[in-house]
Amino acid sequence: QKPDGQLVPTEVRLLHLPADGQNLIRASIIDNTERKRAERSLRESEEKFRALFEGSSQGVVLHDEKELLEVNSAAVRLFGCKGPEELVGQHPGALAPERQPSGEPSAVLAARHIAECMATGGVRFEWLACAPGGKLIPMEVALTRIEWSGRQVIQAYITDITERTRAQAALAESEARFSAAFQASPAFLSILRASDEKYV
């Protein structure tokens, strides 16, 4: 305790010193104020990260080049799992079919995206994932390199884009049908722009 009454966190180290017929003890008192402040700050930072991680409505996954380290509850729901233990420990590329829609092997593409993220700090792409039950899930993935527990890892924000993919496919199909009908029509058809009445 300081003279003004303020309590100071300290660490006390006692050392027995042999002396002629005397029992001497050396006491070292170390002021731990800064260490305690740093520990409290780190603990608060970790609590905030955990609250943001778990509270996110978007799927969030932490992984390195080898395995998934943490998944939030939104990611667990997105993959249709009962708990994080069904995902943690798996290689990021293992949650995908053998090939992506482009025809490229998922393992090769996953390694490329991970390497790009580690080199540049971030990357965004569309990905076809495969849930442990076999369901295919089209996703938008945003990878960001972060420091976590003293090492560089990847934080992945994953969004299910099933509805968007369906809407895009339906629009493309509709446009293809319209184009085919328009081109095959024996009658003269034209499309004018309403704003300036020019032919489209």
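Residues are numbered from 1 along each chain as its sequence is written, and side-chain values use heavy atoms, with hydrogens and water left out. In this predicted model, local features need pLDDT of at least 70 and side-chain atom pairs count only at pLDDT 80 or more, while totals for chains, interfaces and linings use all residues.

## Overall make-up

The chain has four helices and seven strands. Both are DSSP runs, numbered from the N terminus: helices are H or I with at least four residues, strands are E with at least two. From the N terminus, the order of elements is β-β-α-β-β-α-α-β-β-β-α.

Of the 200 residues in the chain, 28% are buried. Buried means under 20% relative accessible area, exposed means over 50%, and partly exposed lies in between (1.4 Å probe, protein chains only). The chain exposes about 13,800 Å², and carbon and sulfur atoms supply 54% of that area. Accessible areas come from the Shrake-Rupley method with a 1.4 Å probe; for residues, only the protein chains shown count as cover.

Contact means heavy atoms within 4.5 Å. Among contacts between residues at least 6 apart in sequence, 36% join residues at least 24 apart.

## The sheet

Five strands form an open sheet in the order β4-β3-β7-β6-β5, with antiparallel pairing. β4 (68-71) and β5 (122-130) are the edge strands; each has a single partner, so one side of each lacks a neighbour in the sheet. From one strand to the next, the twist averages 30°.

Strands of a sheet pair through backbone hydrogen bonds, either parallel or antiparallel. Here two strands count as paired if DSSP finds at least two bridges between them. The pairs are listed below.

| Strand pair | Sense | Bridges |
|---|---|---|
| β3 and β4 | antiparallel | three bridges |
| β3 and β7 | antiparallel | five bridges |
| β6 and β7 | antiparallel | ten bridges |
| β5 and β6 | antiparallel | nine bridges |

L62 has E70 in β4 as its bridge partner. H63 stands opposite I154 in β7. I146 is partnered by V153, also in β7. E126 is partnered by E140 in β6.

Two hairpins occur here. β6 and β7 have two residues between them, and S149 in that turn has a positive phi of about 55°. The hairpin of β5 and β6 has five residues between the strands, with G134 at a positive phi near 105°.

Helix α3 (residues 106-120) packs on the sheet and touches β3, β5, β6 (136-148) and β7 (151-160). The direction of α3 makes about 155° with that of β5. Axes are lines fitted to C-alpha atoms, for helices over the stretch in contact, and angles run from 0 to 180 degrees between N-to-C directions.

## Nonpolar cores

A nonpolar core is a set of buried Ala, Val, Leu, Ile, Met, Phe, Trp, Tyr and Cys residues joined through side-chain atoms within 4.5 Å. The largest has 27 residues. F79, W127, M139, V141, L143 and I158 have the most contacts inside this core. β4, α2 (73-78), α3, β5, β6 and β7 each supply at least two of its residues. A second, separate core has five residues, including L62, L69, W148 and V153.

L143 lies in strand β6. L143 is buried, at a relative accessible area of 5%. Leaving aside neighbours within four places in sequence, L143 contacts H63, H113, I114, C117, G121, G122, V123, F125, I154, Q155 and A156. L143 and G121 are 22 residues apart along the chain, and their C-alpha atoms are separated by 8.1 Å.

P132 sits in the loop between β5 and β6. P132 is partly exposed, at 43% relative accessibility. Beyond four places in sequence, P132 contacts F79, C81, E86, L87 and L95. P132 and E86 are 46 residues apart in sequence, yet 7.8 Å apart from C-alpha to C-alpha.

## Cysteines

C81 is buried at 11% relative accessibility. C117 is buried too, with a relative accessible area of 0%. A disulfide is a covalent bond between the sulfur atoms of two cysteines. The cut-off used is a pair of cysteine sulfur atoms within 2.5 Å, and the count by this rule is zero disulfides.
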